[in-house]
Amino acid sequence: TQGKLEWANKLSQAALEIQERLAPHSLDVAESLNNLGSVARNQGDLKQAAEYHQRALAIRQKLAPASLAVAQSLNGLGTVADDQGDRKAAKGYHQRALQLRQKLAPDSLAVATSLYNLGDLAEEQGDLKVAVEYDRRALAIREKLTPDSLDVAQSLNGLGELANDQEDLKTAAEYYRRALDIRQRLAPDSLAVGASLNDLGNVAESQGDIQAAADYYRRTLAI
């Protein structure tokens, strides 16, 4: 994976150098900067990621204000800020991204992404009621547009976590099983499958079903 990230970084850097020579401060340059920001974040270089996304945002706000491209940059900055532990800044970025996306592409997958990100932030801040509302709205959009997708599984898993946080173990297990079913069909032997199995193991252990918990944990270790 690291090798793929390094290759993606080299390609994006090369594209950026060409674009800056041919059309500096263009939307194409902003797109390359955005890609570099995503790669830097995946490599764990959050400071560099934020710088790339800020540069992309500055160009996009100048050339295409109030656009979906601006929303994309805001989303990237929000994700990086969350990774850095700056939840206040992350919430502000994600709310601005959601506002643009709801206006320009209502009920789109991009809207669902913003809703999911805001739900994740609300959970981190302990506001579980708000988190559930965001996650349910994200799930409704995803189930409508991409049923039985990995994005749907992500939303189901998030709702399972929230139910678990509220000690509603039965509901948590139901969400986790639905997420696991999708992940096993679409991405068997993936880390996501392992995460779902581990979550189900934790719930089973909390319910006192030690045998089921051990089985889930063994299956997790086998991946």
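Axes are lines fitted to C-alpha atoms, for helices over the stretch in contact, and angles between N-to-C directions run from 0 to 180 degrees. With that in mind, the axes of helix α2 (residues 27-42) and helix α4 come within 11 Å and cross at roughly 20 degrees. Because angles under 35 degrees count as roughly parallel, over 145 as roughly antiparallel, 65 to 115 as roughly perpendicular and the rest as oblique, α2 is roughly parallel to α4.

This is a predicted model, in which local features need pLDDT of at least 70 and side-chain atom pairs count only at pLDDT 80 or more, while totals for chains, interfaces and linings use all residues. Residues are numbered from 1 along each chain as its sequence is written, and side-chain values use heavy atoms, with hydrogens and water left out.

## Overall make-up

The protein has 11 helices and zero strands, where helices (H or I, at least four residues) and strands (E, at least two) are DSSP runs numbered from the N terminus. Along its principal axes, the C-alpha trace of the protein spans about 65 × 35 × 30 Å.

## Helix α4 and its two partners

α2 passes α4 in a left-handed crossing, a term used if the near helix is turned anticlockwise from the far one by less than a right angle, with right-handed used if clockwise. Here the contact, meaning heavy atoms within 4.5 Å, is made by E31, N34 and R41 of α2 and by Q72, S73, T79, V80 and D83 of α4. By class, the contact of α2 with α4 has one nonpolar, four polar and three charged residues; in this scheme Ala, Val, Leu, Ile, Met, Phe, Trp, Tyr, Cys and Pro count as nonpolar, Asp, Glu, Lys and Arg as charged, and the others, Gly among them, as polar.

Helix α3 (residues 46-63) packs with helix α4 (residues 68-83) at an angle of about 160 degrees, and their axes lie 9 Å apart. The helices α3 and α4 are therefore roughly antiparallel to each other, and their crossing is left-handed. By class, the contact of α3 with α4 has 10 nonpolar, six polar and two charged residues. Among the residues that meet are L46, A49, H53 and L57 in α3, and A69, V70, L74 and L77 in α4.

| Helix pair | Angle | Axis distance |
|---|---|---|
| α3 and α4 | about 160 degrees | 9 Å |
| α2 and α4 | roughly 20 degrees | within 11 Å |

## Cavity and pocket

On a 1 Å grid over the protein atoms alone, a cavity is a set of points where a 1.4 Å probe fits but cannot get out, whereas a pocket is an open set with protein on both sides within 12 Å along at least five of seven lines, and lining residues have an atom within 4 Å of a point. Grid points are joined across faces, edges and corners, and a volume is the space filled by probe spheres set on the points.

By this rule there is one cavity of 30 Å³ or more, and the largest cavity has a volume of about 40 Å³. The largest cavity is lined by Y116, G119, D120, E123, D135, G158 and E161, and α6 gives the most to this lining, with four residues.

The largest pocket has a volume of about 230 Å³. Of the 14 residues that line the largest pocket, R41, T79, Y116, N117 and Q154 are the closest to its centre. The largest share of the lining of this pocket, six residues, comes from α6, and the lining residues divide into two nonpolar, five polar and seven charged.
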